[in-house]
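Visitor: Could you take a close look at the shell around the ligand, and at what lies beyond it? By class, which residues does this shell have?

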Amino acid sequence: MRAPAFELDHIAVHAGARCLFSARQLHIPAGSLCAIIGPNGAGKTTLLRALAGFHGDCHGHSLGQPLRAGQPRPLAWVGQHEGADSPLCVADYVMLGRRPQLGWLGRSSAADQQAVARALDSMALPGLAGQRLATLSGGERQRAAIARALAQDTPLMLLDEPCNHLDIRHQQLLLRQLQQLARQGRTLVCVLHELQLAANFADWLLLVADGELVAQGRPDAVLHGDLLSQVYRWPIRAERQPVSGRWQLDVYGHGAVA
Ligand SMILES: Nc1ncnc2c1ncn2[C@@H]1O[C@H](COP(=O)(O)OP(=O)(O)OP(=O)(O)O)[C@@H](O)[C@H]1O
């Protein structure tokens, strides 16, 4: 198995007296596309924020050392509803991703401009580069937020529901792009509600329910119909097609699982 990007023991995230997420052991291999899946309110965003180091009340051990809150590692972050209030145009907003690299007086170099152009290109945004963010559609704004994170060029990228507002084509393009970055050695962790996408694109899954890590591992180890049906409280069938190797996830039946 590849070296871990995250190897956490006895992690617990609290808000006051309430424990929002806990896990005895949590592993994410470096150079993987990892999807955090689970029902509403399960603790997915909480876990993603804890991985980013954004949660003040987070305890546990990372590679044997106590976790230290407030010491985030270099990473690119795409949260939900990014950029909704920004007065910037798309190109300037994506350039924000280059802020750590910008030179004296915040001037952008040729390398910064190229990184922004690449990011706009990969999110199919060049035609909108001059348009104000506030005037974009939901899907366009989501792609701009992802482009800003791509322009950062960090070894670790965390994305909270990146497929929100994206149509089928842009979902596929995004996940292919994330998969390609993982193949180049980056680690990408994203919260996904679309099980079919998680199954077919991610090479590592974390299944979360009721504030706990229920299962982790490669899709084969996690995607069992019985387990998914129990966690989502709805009948789900998970099958891997023998010829194509693609996963097929179906909801079936007419009633919720008790
Ligand atoms: N700061 C907080 N104080 C109290 N409760 C919180 C806080 N943050 C999150 N929670 C609660 O923790 C639970 C998990 O929230 P979280 O946002 O991690 O869920 P999620 O799995 O991402 O859900 P969804 O799929 O609906 O986005 C929810 O019940 C939420 O209400």
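**The shell around the ligand**

Guide: By class, the shell around the ligand has 6 polar residues, 3 nonpolar ones and 2 charged ones (nonpolar means Ala, Val, Leu, Ile, Met, Phe, Trp, Tyr, Cys and Pro, charged means Asp, Glu, Lys and Arg, and the others, Gly among them, are polar). This is a predicted model, in which local features need pLDDT of at least 70 and side-chain atom pairs pLDDT 80 or more, while totals for chains, interfaces and linings use all residues. Numbering starts from 1 along each chain as its sequence is written.

The shell itself is made up of A15, R18, L20, G38, N40, G41, A42, G43, K44, T45 and T46, each with its C-beta atom, placed from the backbone, within 6 Å of the ligand. Both β2 (18-29) and α1 (44-52) supply at least two residues of this shell, and α1, with 3 residues, gives the largest share (helices are DSSP runs of H or I, at least four residues, and strands runs of E, at least two, numbered from the N terminus).

Beyond the shell, the domain assignment, which is automatic or from a database, divides the protein chain into domain 1 (1-75 + 155-258) and domain 2 (87-153). Their centres, taken over C-alpha atoms, are separated by 27 Å, and 9 residues of domain 1 are in contact with 7 residues of domain 2 (C-beta atoms, placed from the backbone, within 7 Å). On the side of domain 1 that touches domain 2, helix α5 (residues 168-183) provides the largest share, 3 residues, and the residues of that side divide into 4 nonpolar, 4 polar and 1 charged.

Conventions:
Contact = placed C-beta atoms within 7 Å.
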